[in-house]
Amino acid sequence: MSINRKKKPMDPAQRDRVLSELRRDAQERRKGYRERALAKLPHICASCGREFKGSRLRELTVHHKDHNHDNNPPDGSNWELLCIYCHGHEHEKHLMAGHGGGESRSQPDPSTLFNPFDKLDRIYPPDGKQS
């Protein structure tokens, strides 16, 4: 027994309701902090100074200065526009400083703690007598 799962065409009222919801969702997205930041700030990376236009505008990101994505004041004072490269660098600096859940670099790097030649003299002692 096969089940036919063809969708019925929407009736006009249902279609209008769906289109209305889509328009409302698009308008809400336009109110998002990225769109607000792009409307308020010049389309220039605040770090390297490159200008972005047209399709390259997608490479410009909104950086929260205090690293709190929920802090979006209406005046945009917690935002700066950074290119994707400078934005990544800014977050890496933040992690290196021991913020944002990353480990502090004041601790030794685990990759330098292991020495493959450590205790090699026990296996091949200088006097030739193995223990």
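Student: Hello! Which element of the protein has the highest mean pLDDT?
Tutor: Good place to begin, as this is a predicted model. The protein as a whole has a mean pLDDT of 81, and 74% of its residues reach 70 or more. Among its elements, helix α4 (residues 120–123) has the lowest mean, 71. The highest mean, 95, belongs to β2.

Student: Which element gives the most residues to the largest nonpolar core?
Tutor: That core has twelve residues, including A37, C45, L60, W79 and C86. The elements that give two or more residues to this core are α2 (33–40), β1 and β2 (79–83). With four residues, the top contributor is β2.

Student: Is H63 buried or exposed?
Tutor: Start with its place, which is in strand β1. Leaving aside neighbours within four places in sequence, H63 is in contact with N78, W79, E80, L82, H87, E90 and H91. The cut-off for buried is under 20% relative accessible area. Because its relative accessibility is 1%, H63 counts as buried.

Student: Which side chain forms a polar contact of 3.3 Å with that of H63?
Tutor: Look among the contacts of H63, which include E80, H87, E90 and H91. The polar contact of 3.3 Å joins the side chain of H63 to that of H87.

Student: What is the relative accessible area of H64?
Tutor: H64 lies in strand β1 (residues 60–64). Beyond four places in sequence, H64 touches Y33, H69, N71, N72, N78 and W79. Buried means under 20%. H64 is therefore buried, its relative accessible area being 2%.

Student: Which residues does C83 touch, not counting those up to four places away in sequence?
Tutor: C83 is one of the residues of the largest nonpolar core. Two of its partners, C45 and F52, are also listed in that core.

Student: How far does helix α3 reach from its first C-alpha to its last?
Tutor: Helix α3 covers residues 84–96, which is 13 residues. Just after α3, G98 takes a positive phi of about 90°. At 1.5 Å a residue the expected span is 18 Å, and the helix comes close to that with a reach of 18 Å.

Notes
Residues numbered from 1 in each chain as written. Predicted model: local features only at pLDDT ≥ 70, side-chain atom pairs only at ≥ 80, totals over all residues. Heavy atoms only, no water. Buried < 20%, exposed > 50% of the residue type's maximum accessible area, 1.4 Å probe, protein only. Contact = heavy atoms within 4.5 Å. Core = buried A, V, L, I, M, F, W, Y, C linked by side-chain atoms within 4.5 Å. Expected span 1.5 Å × (residues − 1). Polar contact = N/O pair within 3.5 Å; in protein donor to acceptor, adjacent residues only side chain to side chain. pLDDT = per-residue confidence, 0-100.
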